[in-house]
Amino acid sequence: MKHATFHRRIAALGVLAVAIALVLPASLSAQRGAGGARGMLNNPGIRLWTQFDENYEEFTKQLTLTEEQGESIAALLKDFREKNEQGLEEYTEMRQSMRNRGGGGRGAGGGGGNRQAMQATFQRMQTLLEKLGPAFTKLHTDVGELLNEDQTKKLAELLQPPRRPGS
């Protein structure tokens with residue numbers, strides 16, 4: 001019996017992951033227009049924040065920032081963190097949860113609660129996008145204004161979404 005419950009929960013997590021993957025592009029499309037159908041993590045502002053948040057030292061080295069640019073970007077990031085603290089905590093939590101979705105998930109109690117869990121996750125993601133989307137876009141714009149032409153090209157290159165095999 002426990003074995004069946006375990007498999008049911010794993011299947012529920014898989015269904016939830018697929019639902020999120022299918023729903024996110026649609027919500028972004030509605031928020032950012034037809035070009036938004038690539039998914040949340042393909043937004044350059046979100047990708048920029050993720051790089052700064054997870055890999056600041058290496059990312060800034062690759063951009064070959066001057067000391068003055070580094071200080072300006074550090075100030076921008078500090079201001080961004082302060083203004084969006086709660087939303088960024090939620091974003092980080094959701095990102096980690098998605099990475100660990102093979103483990104036990106909150107709200108995925110198996111059986112009839114799956115649809116409600118998917119709807120709740122979708123609502124939470126949609127609310128987060130509405131809250132942070134403009135801030136991520138502004139961060140990307142503000143950082144871009146501090147860079148020279150070569151650095152801007154390098155930034156665009158670094159923020160390219162990973163290519164899937166066969167595409």
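Phe-80 is buried, its relative accessible area being 6%; buried denotes under 20% relative accessible area, exposed over 50%, and partly exposed the range in between, with a 1.4 Å probe and protein chains only. The model is predicted, so local features require pLDDT of at least 70 and side-chain atom pairs pLDDT 80 or more, whereas totals for chains, interfaces and linings use all residues. Residues are numbered from 1 along each chain as its sequence is written, and side-chain values use heavy atoms, with hydrogens and water left out.

The rings of Phe-80 and Phe-136 have centres 5.6 Å apart and planes at 40°, and the pair is therefore tilted. Rings of Phe, Tyr and Trp (its six-membered ring) are paired if their centres lie within 6.5 Å; planes under 30 degrees apart are stacked, over 60 edge-to-face, and the rest tilted. Because Phe-80 lies in helix H3 and Phe-136 in helix H5 (residues 114-146), this pair ties together parts that are 56 residues apart in sequence. Phe-136 is also buried, at 2% relative accessibility.

How many aromatic pairs does a search of the whole structure find? The search finds five. In one of them, the rings of Trp-49 and Phe-80 have their centres 5.1 Å apart and their planes at 50°, so this pair is tilted. Trp-49 belongs to helix H2 (residues 44-62) and Phe-80 to helix H3 (residues 67-83), so the pair connects parts that are 31 residues apart in sequence. Trp-49 counts as buried at 2% relative accessibility. Ring pairs link Trp-49, Phe-80, Tyr-91 and Phe-136 into a cluster.

These helices belong to a protein with six helices and zero strands, its elements running α-α-α-α-α-α from the N terminus on. Helices (H or I, at least four residues) and strands (E, at least two) are DSSP runs, numbered from the N terminus. Among contacts (heavy atoms within 4.5 Å) between residues at least 6 apart in sequence, 78% join residues at least 24 apart. Buried residues account for 32% of the 167 residues. The accessible surface, by the Shrake-Rupley method with a 1.4 Å probe, comes to about 10700 Å², of which 53% belongs to carbon and sulfur atoms.

The loop between H2 and H3 contains Thr-64. Most residues other than glycine have a negative phi. Thr-64, although not a glycine, has a positive phi of about 50°. Thr-64 is exposed, with a relative accessible area of 57%.
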